[in-house]
Amino acid sequence: MSRLATVAAMLAVASFGCGLPLGDEPIPTSNRCSDDSDCGSDGKCLVEQAICVSQTAELDELTVEIFVPSGGPNETGTSSIITLPALKSEDPNGLIVQRDLTTNRFYEVTGRLQVDDDKCAPLARADGLFPITLELRPAATLTGLSLQSFGQGSTPQQGEVLINVPEGLYDITLRPDSTTSMPDEASNACVLPPALFTNQRIENDFDINLGVLSPVQHLGQVQGLDVEGWLVDLIDGDSGRPISNVTTLGEGAPIESGGPIVTEYSLRYWQEVVDSNDGTAFLRLRPPDDLQGTGYPTIFNALELEAAFNLEKLNGAKQIRVQANVVDGNEGLSAQVVIQSVRFLDGEMGSTVFYKQQIPTDDDGVLDISLFTGTYTFTAIPDNPAFAATELTVELGDNDLGGKTLVLQPKTPVQGTVSTSSGAPAFGLAVSLATVNTRPTSFVASRLSPLPSSTVSTNVVTDTDGGFSFEVPPGQYDLSVRPPNESALPWAVLSRLTVDKSTPALDLSLSNPVLLFGRVRSGDNGDPIPGAVIRVWTQRINPESDEGPSVFQIGEATANGDGEYQIVLPSSLNDALAVP
């Protein structure tokens with residue numbers, strides 16, 4: 001069967017809006033054509049399929065997610081991430097590209113914990129293994145892709161844990177069950193911390209066999225403040241995941257008469273874990289929940305610095321009682337208020353100290369809280385959806401009286417129209433608007449830099465004139481037009497659209513597409529995979545920030561019962577990312 005005949009057979013299953021209208025209801029716009037005049041200046045009508053395609057393509061390398069629903073291989077919903085090479089070509093007869101897609105192969109990951117230590121030996125199983133939970137999380141190399149994690153625990157019959165996962169890059173955690181650890185109340189207690197191995201490439205069967213004499217003990221101090229009940233642990237700086245036990249601090253005392261109060265603590269961690277990971281390990285000191293509303297911060301110390309936590313500057317530092325009022329004109333409105341430090345205590349404690357807390361106002365929009373001096377952002381997220389989240393930067397000095405008012409702003413309208421490549425209004429197409437998805441390069445960086453406190457994701461459908469409208473808070477958004485698969489129209493995306501009072505009306509034109517088709521096959525045995533969902537993404541890098549690379553979606557399709565798929569993509573990223 002020829003390539004065109006194959007595509008025609010696949011497209012024959014769908015009806016691209018060619019049915020008769022029901023009464024006076026208009027038919028949603030589709031990509032149907034009868035000749036080239038229906039396809040605009042750069043399009044070609046494939047008469048046999050009756051759809052328009054582009055004659056040129058300027059697509060850089062694309063990221064493709066193949067999601068296999070539950071009931072497929074390995075009986076679980078899993079995603080494979082593959083790369084499509086750049087497509088830069090032209091064809092006066094229209095661009096139709098055949099690409100078979102193959103999922104990643106599955107491999108066995110085995111985890112076991114065996115510690116040769118007299119203190120822990122009584123807690124081990126008869127075979128010498130300790131009960132564990134093994135967790136694998138896809139390493140977040142691209143913001144915007146949400147992939148499945150895997151986890152499984154030991155059974156009474158088997159101490160080691162085995163999980164089948166698709167090929168990829170993972171952060172692997174081996175977590176001893178709580179029954180295998182005792183409180184660290186004495187130096188001879190058995191404490192088995194979690195083990196985290198970051199950025200592990202799984203491309204063969206893989207063993208995590210943690211067997212060492214015993215975890216390393218870290219002895220540390222907190223100086224200058226009574227921190228009884230505070231929590232301290234060791235975390236991986238990139239992912240934020242714990243790599244030690246969590247210790248609740250006890251009562252401290254001065255080492256010398258008249259000297260500052262000192263609280264000692266100990267943590268257990270695996271030295272080989274710290275040595276094998278790329279990122280820096282950080283000690284994290286944080287107040288208990290009952291102190292979260294009192295302004296006390298969380299502090300990070302790099303483990304390699306071997307420095308004590310010095311909180312003397314907090315002892316006796318002035319706290320200011322802040323009364324914040326969330327109002328619309330003269331009327332108070334209830335809201336959730338997110339408070340984040342920008343410069344805590346005017347930087348006197350260094351750059352690894354932060355405060356962040358979300359606190360509700362009362363019904364009249366009033367919030368009372370005590371904060372140390374410094375610079376903070378207050379973001380009010382109103383309970384009334386008619387108002388936008390509103391941010392206020394506050395500088396609290398020694399002489400500040402603490403009265404602050406956040407005046408809520410109405411939402412900002414976003415309006416526009418969508419048309420086809422021939423200029424006709426595009427009716428009945430979904431339009432999505434979502435807050436730009438950003439992620440700092442590490443967990444610690446995300447805590448030390450204030451982040452957006454509210455996110456938006458909303459959808460509308462274009463009217464008979466191709467028009468759409470939203471009302472959202474000011475900010476940066478990704479806007480995408482998502483025609484249904486049966487329309488054979490490509491997506492269009494406005495990336496990092498700034499929404500404020502000066503945002504003009506948007507005029508989006510759907511390009512003629514490139515038609516990609518083929519079959520989805522299993523990487524394990526080559527069999528077709530029915531019902532696989534294919535999502536196509538393109539990367540976005542912001543050279544003016546420290547954020548890691550992110551992706552946004554430009555197409556989606558579902559394979560039929562024989563594993564065959566067809567998807568239409570914008571012919572170039574310049575088309576998909578039309579500028580208003």
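Tutor: Accessible areas here come from the Shrake-Rupley method with a 1.4 Å probe, and for residues, only the protein chains shown count as cover. By that method the protein chain has an accessible surface of about 26,800 Å², with 46% belonging to carbon and sulfur atoms. This is a predicted model, so local features need pLDDT of at least 70 and side-chain atom pairs count only at pLDDT 80 or more, while totals for chains, interfaces and linings use all residues. Residues are numbered from 1 along each chain as its sequence is written, and side-chain values use heavy atoms, with hydrogens and water left out.

Student: Why is Leu367 called buried?

Tutor: Buried means under 20% relative accessible area, exposed over 50%, partly exposed in between (1.4 Å probe, protein chains only). Leu367 has 2% relative accessibility, so it counts as buried. Of the 580 residues of the protein chain, 47% get that label.

Student: What is Leu367 in contact with, leaving aside its neighbours within four places in sequence?

Tutor: Contact means heavy atoms within 4.5 Å. On that rule, Leu367 touches Val322, Gln323, Ala324, Val337, Ile339, Ile359, Pro360 and Thr361. Leu367 itself lies in strand β29, residues 366–372; strands (E, at least two residues) and helices (H or I, at least four) are DSSP runs, numbered from the N terminus.

Student: And why is Thr503 buried?

Tutor: Thr503 has a relative accessible area of 17%, so the buried label applies to this residue. Its place is in the loop between β38 (492–499) and β39 (506–509).

Student: What makes the pairing of Thr503 with the backbone nitrogen of Asp500 a polar contact?

Tutor: A polar contact is a pair of N or O atoms within 3.5 Å; within protein, one must be able to donate a hydrogen and the other to accept it, and residues adjacent in sequence count only if both atoms are side-chain atoms. The Thr503 side chain reaches that Asp500 nitrogen at 2.8 Å. A polar atom of the Thr503 side chain also lies 2.9 Å from the backbone oxygen of Thr498.

Student: How many cavities of 30 Å³ or more are there?

Tutor: There are 5. On a 1 Å grid over the protein atoms alone, a cavity is a set of points where a 1.4 Å probe fits but cannot get out, and lining residues have an atom within 4 Å of a point.

Student: Which strand gives the most to the lining of the largest cavity?

Tutor: That's β43, with 3 residues.

How values were computed:
On a 1 Å grid over the protein atoms alone, a cavity is a set of points where a 1.4 Å probe fits but cannot get out, and a pocket is an open set with protein on both sides within 12 Å along at least five of seven lines; lining residues have an atom within 4 Å of a point. Grid points are joined across faces, edges and corners, and a volume is the space filled by probe spheres set on the points.
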